[in-house]
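Hi everyone, thanks for coming.

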Amino acid sequence: MFSRRQILAGVGTGLIAAPAILRAQQLFTAFPFRLGIASGDPSHDGFVIWTRLCPDPVEEHGGMPMGPVEVDWFVYEDEAMRRIAQKGSATAWPELGHSVHVELAGLQPDRPYWYRFAIGRDKTQLGRGHTLPAPGAPLDRLRFGVAGCQNYEDGLFTAYAHLAREDIAFVWHFGDYIYEDRPRQVNYERDGSPRAHVRDHVGTDCYTIGDYRRRYAQYKMDPDLQAAHLAAPWFTTFDDHEVADNWSANATPYQHDPALFAFRRAAAMQAYYEHMPLRKASMPSGGAMQLYRRSRIGDLMTAHFLDTRQYRSVQPCKGGFEPPCPTVADPKQTVLGSAQEQWLDRGLRDGGSRWNLVAQQVMMMPLDRQSLPGGGEIRNLDSWGGYDAARERMAASFAGRGDVIVMTGDEHQNFAGELRRQGGKGEVAAPEFVVTSITSGGDGWVKPEVQAQLRAHNPALQYLSDKRGYAVCEVTRDLWQTRFRGVDQVTAPGGSIATLATASVERGKPAINLS
């Protein structure tokens, strides 16, 4: 953005090195809001509005001078921007990649608001936020979206363009917002079959804060992703690829030294916070961040957003798709950690809502992945399938309630099935809906014979499909409906959307009805 001579001149005049907040329009030689805007973490009286100043997305610091920059923000009661609800200014600090997180409060419950940012003559598009109904307020209906797993190299974010047109109160993103690995050029599926390569990652594997910032910038410049952020507020949680594939607590399969992994984890979490519409309560500290949280939406639903990575025991056995070893039965193995388990249990016992959404990242219900006749059991040990005792504790806390819905991502396929106690052999504790990917997996790779074998080996599994897309959940006082929405292609433009199936659950009855 600046030549060496300009930088030295700026230092001499105090324009760049000075601690004073910078407002000069001439700071930017390109549009500073290239990564778009977003809203998130809605409550009954507000939400977060986010942006990041980034005129040069491939540069480590986004093409920004190393100083704080003042950004104006506006919130409107109407889309025509005639009535200002609130306005102010916020500081984009270089320590946070010049990102801005404004926590709005004092707004009216259960209504839309519109917002934008500005610096001088540069103004963002108009985004739409939405407050939630007040906790305990009577509420008869709620619609929200579920999405995640968006590998940039595997396809176009067409599904987000369709999601942006859905009439929903919010989106829950279950993780894998970015993929951290280097450009692959040639992709392969789990079964060894080739996968279409659509577009390249910039840079190499992500290790430093600059690596992760560039990767987020590349993803956030996608117009379909920006459209989905403009349309509704998001609740976000990470899974593994925001840090490193299959990481757990203090290690990955590729770096077992906790001291070394701590550097990468800290960089990844800072970059995640810098690019998500999160509250200050989730700001990283000491290489960790508070991501599990709860939202009570009227008297209809309480959403418990879980974190299945930061507190997890290292995966048992080799941690992949393989036969279980004795470690999977170790009662000390945990996915959530004891504090988060107790927090969830208390939240479920508190009551006050017709439904409880347990929103988490990896499949909870037991699933035998064996696709060959006559073979032994195969599990995904990076899911709850590697943690039998922890899963049984969860199932025990859900059993007999009839108001718990488990929502999951990670699998790059749609699944609807039953979480059963005693390793899948006991009573049904809750239904589980696993939502497919936005792009990960490309146009589809699961062969029909593999799907048939999965159904044959897993009587609790009632539906599966291999399409990219998202889900829309419609919740009423006595009925929960999850619509699996799929696009017909992501490796070429123009993918059309369709409802693949609708899974319904009556309150008090954990059985799934498909249509």
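Let's begin with the second largest cavity, which holds about 40 Å³ of space. A quick word on terms: on a 1 Å grid over the protein atoms alone, a cavity is a set of points where a 1.4 Å probe fits but cannot get out, and lining residues have an atom within 4 Å of a point. Grid points are joined across faces, edges and corners, and the volume is the space filled by probe spheres set on the points.

Please keep in mind that this is a predicted model, where local features need pLDDT of at least 70 and side-chain atom pairs count only at pLDDT 80 or more, while totals for chains, interfaces and linings use all residues. Residues are numbered from 1 along each chain as its sequence is written, and side-chain values use heavy atoms, with hydrogens and water left out.

Which residues line the second largest cavity? They are Leu163, Ala164, Glu166, Ile168, Val171, Ala228, Ala231 and Ala232. By class, that lining has 7 nonpolar, no polar and 1 charged residues. Here Ala, Val, Leu, Ile, Met, Phe, Trp, Tyr, Cys and Pro count as nonpolar, Asp, Glu, Lys and Arg as charged, and the others, Gly among them, as polar.

The largest cavity holds about 50 Å³. Its lining divides into 8 nonpolar, 1 polar and 3 charged residues, and among them are Trp355, Arg401 and Asp403.

Now for the rings. How many aromatic pairs does the structure hold? There are 23, where rings of Phe, Tyr and Trp (its six-membered ring) pair if their centres lie within 6.5 Å; planes under 30 degrees apart count as stacked, over 60 as edge-to-face and the rest as tilted. Take Tyr152 and Tyr219: their ring centres are 5.3 Å apart and their planes are at 40 degrees, so this pair is tilted. Both of these tyrosines are buried, meaning under 20% relative accessible area, with exposed being over 50% and partly exposed in between (1.4 Å probe, protein chains only).

Trp172 and Phe305 also form a tilted pair, because their planes are at 40 degrees, with centres 6.5 Å apart. Trp172 is buried, at 0% relative accessible area, and Phe305 is buried at 0% too. Ring pairs link both of them into a cluster that includes Trp355, and Trp355 also lines the largest cavity.

Definitions and conventions
On a 1 Å grid over the protein atoms alone, a cavity is a set of points where a 1.4 Å probe fits but cannot get out, and a pocket is an open set with protein on both sides within 12 Å along at least five of seven lines; lining residues have an atom within 4 Å of a point.
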